[in-house]
Amino acid sequence: MSPLHDDCTPRHLHAPAPNLDKDEFAWFDSSDSELSSVPDESSSFPDLDDTPTHIPAQHIPQSNQNLPEQLSQKPTSYHGLKPAKIKTPQPKASESAHNEVQALDLGRLDLLDHVISPEKLVRQERIGAGAFKDVYRGLYHVSRMRVLPVAICDLRDELTEMDIKELKFLRDLRHENIVQFIGIGIPTNLRLGPPCVIVSELCENGDLFDFIRNTPPPPDVNIFRILLQIARGLEYLHTHKPMIVHRDCKSTNVLINAQGIAKISDFGLARVKRSKYAMIRSLVGTVNWQAVELWSPKPQYNEKVDVWSAAMTFWEALQWHQTEKRYPFQGLNEHQIYMNVRQKHLRPFTGSIRRRYGDDIVHLIDQMWQQNPRDRPSMSEVCAEIEVLIARRENSTPPSKMSSTNSLTQQFMQVIRNRRTIYALSKKAILPDAQVVQLVQQAVREAPSSFNVQSSRVVILFGNQHDHYWGQIVPAALRQAAGEKAVEASKGKLDGFRAGTGTILFFEDSDLIKDQQQQFPMFASGFPTWSLHASGMAQIYTWAALEAEGYGANLQHYGNLTGETLKRVYNLPESYEIQSEMVFGHPEAPAGAKDYIPDEERVVVFK
């Protein structure tokens with residue numbers, strides 16, 4: 001995904017480049033202020049700074065070349081904040097591990113029953129590595145007759161308070177969709193091995209991020225089952241006594257075992273919330289999956305942040321059938337995500353999900369990433385909804401080829417029926433500008449043309465350039481052609497166009513038409529007309545695609561007055577001949593009633 005654009009310098013099939021106000025995002029800079037974490041007095045955990053020094057990782061993908069930058073580098077910081085430092089004396093390296101392990105009171109942590117003798121562990125191949133940890137596939141010899149496949153995490157450095165906190169969580173959690181903590185091992189000779197070894201359930205298929213990129217897409221119902229498993233894991237945390245808020249749900253923290261079951265992992269950022277009405281105050285998580293209420297120097301939030309993050313993770317899993325599997329807001333930096341999600345209320349593109357999986361799952365995701373946390377469902381409600389969707393798919397008869405074709409035809413005809421002329425438009429956000437550009441590119445690319453000449457050309461105006469066209473260029477052209485009265489008579493209509501989100505200008509390249517006429521003189525007279533056909537199909541494809549994403553649009557024809565000005569202002573080739581202007585935006589009122597003449601008068605059949 002290319003960055004979103006807001007200064008609206010028009011380019012052919014490209015949205016304008018961003019013009020970000022640095023001061024607007026000064027809160028990302030921690031140099032002049034520090035986030036203060038308000039401790040939860042009822043929490044049974046030590047008073048820890050919630051900004052991690054070390055990010056605990058149980059299973060780290062072998063290759064992180066597809067990961068966003070903030071996921072592939074450890075240690076990391078959030079929103080530009082520097083990682084917190086534990087203010088303790090720094091002993092010599094040989095003493096550090098010993099002192100730290102001595103400080104790890106296994107009795108106080110109630111981990112004595114989970115101590116594993118290092119001699120019972122056999123490391124096999126390394127399956128992941130982080131800045132402070134190595135993760136191995138291994139075997140745990142429980143007894144002479146019982147051997148378990150496990151994940152063995154060797155800490156290369158001393159055990160941090162984040163790690164201790166995670167151990168306390170894992171110790172008490174028992175659920176099919178939570179990674180099972182098995183035990184902790186402390187070598188007898190600290191100089192010959194890692195200071196601490198954490199043993200947990202092995203999830204052979206790695207994390208969901210890699211799984212959907214390295215595994216062929218399963219049947220749709222199986223994808224829904226993975227969503228349900230993620231939801232059930234979070235539901236278990238939220239209904240736990242006391243409640244646990246994970247705070248970092250994302251595809252890299254969902255592991256998949258050999259049976260394809262999804263399990264929540266990585267509890268280093270989790271937080272206990274004992275009161276049903278208590279709010280938590282600290283800044284954590286990964287911005288691409290992070291709930292909007294967290295984007296404050298002193299955020300106040302509850303378990304609904306996990307609902308938001310689960311929606312982003314669901315969206316990512318539902319990309320499985322796409323050639324390019326994307327993660328939320330891929331290609332955007334933190335400032336752009338902040339601007340488009342918090343200010344413009346934009347969300348990831350759901351058109352392809354709706355077309356493949358239907359309206360119901362999109363509606364659920366839309367509810368889960370509502371701007372106001374109170375409007376989001378609980379994870380129990382999410383589980384119930386997904387169970388219904390799975391039941392519908394399991395109980396339905398597999399469609400025959402003919403019924404599948406009929407279904408696609410019905411969907412196509414519905415899109416055609418829904419495409420109507422909408423004049424009441426606003427600038428309320430629906431999609432990021434970059435996704436609108438992608439939509440138009442695809443529509444124009446697929447539109448047919450005679451001899452495949454591909455003569456259609458498009459310019460998209462956003463923001464100030466869209467406003468300038470309807471507020472300055474068109475009135476000036478009208479004034480020159482018909483006088484001030486014509487401008488006054490058209491003011492209401494032009495203001496309505498200007499109220500929309502953007503304008504798509506459709507051109508035909510006459511030089512290409514002339515080349516075709518020279519190459520095929522026998523058909524020379526037909527090429528100008530066929531060019532108009534091609535432009536019309538590009539326009540209707542674009543219009544229908546915009547409607548399918550929730551936009552309203554109308555088609556205008558002021559180009560005979562503005563064509564030369566457009567060439568001069570935007571430095572377009574002289575051969576570009578404008579055909580129409582498509583105004584689009586958020587629909588504020590439905591289309592009016594439409595009368596139809598009898599089909600028999602328009603479609604005549606001979607046999």
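This is a predicted model: local features need pLDDT of at least 70, side-chain atom pairs count only at pLDDT 80 or more; totals for chains, interfaces and linings use all residues.

User: Why is N554 called buried?

Analyst: Buried means under 20% relative accessible area, exposed over 50%, partly exposed in between (1.4 Å probe, protein chains only). N554 has 0% relative accessibility, so N554 counts as buried. N554 is found in strand β13, a DSSP run of E with at least two residues, numbered from the N terminus. Four of the five residues of β13 (552-556) are buried.

User: How do you know that β13 pairs with β14?

Analyst: Two strands pair if DSSP finds at least two bridges between them. Five bridges join β13 to β14 (residues 576-587), and the two run antiparallel. L555 stands opposite M582 in β14.

User: What makes the link between the side chains of N554 and Q556 a polar contact?

Analyst: The limit is a pair of N or O atoms within 3.5 Å; within protein, one must be able to donate a hydrogen and the other to accept it, and residues adjacent in sequence count only if both atoms are side-chain atoms. The N554 and Q556 side chains make this contact at 2.9 Å.

User: Why are β1 and β4 at the edges of their sheet?

Analyst: Five strands form an open antiparallel sheet, ordered β1-β2-β3-β5-β4. β1 (121-129) and β4 (181-185) each have a single partner strand, so one side of each is left without a neighbour in the sheet.

Methods. Residues are numbered from 1 along each chain as its sequence is written. Side-chain values use heavy atoms; hydrogens and water are left out.
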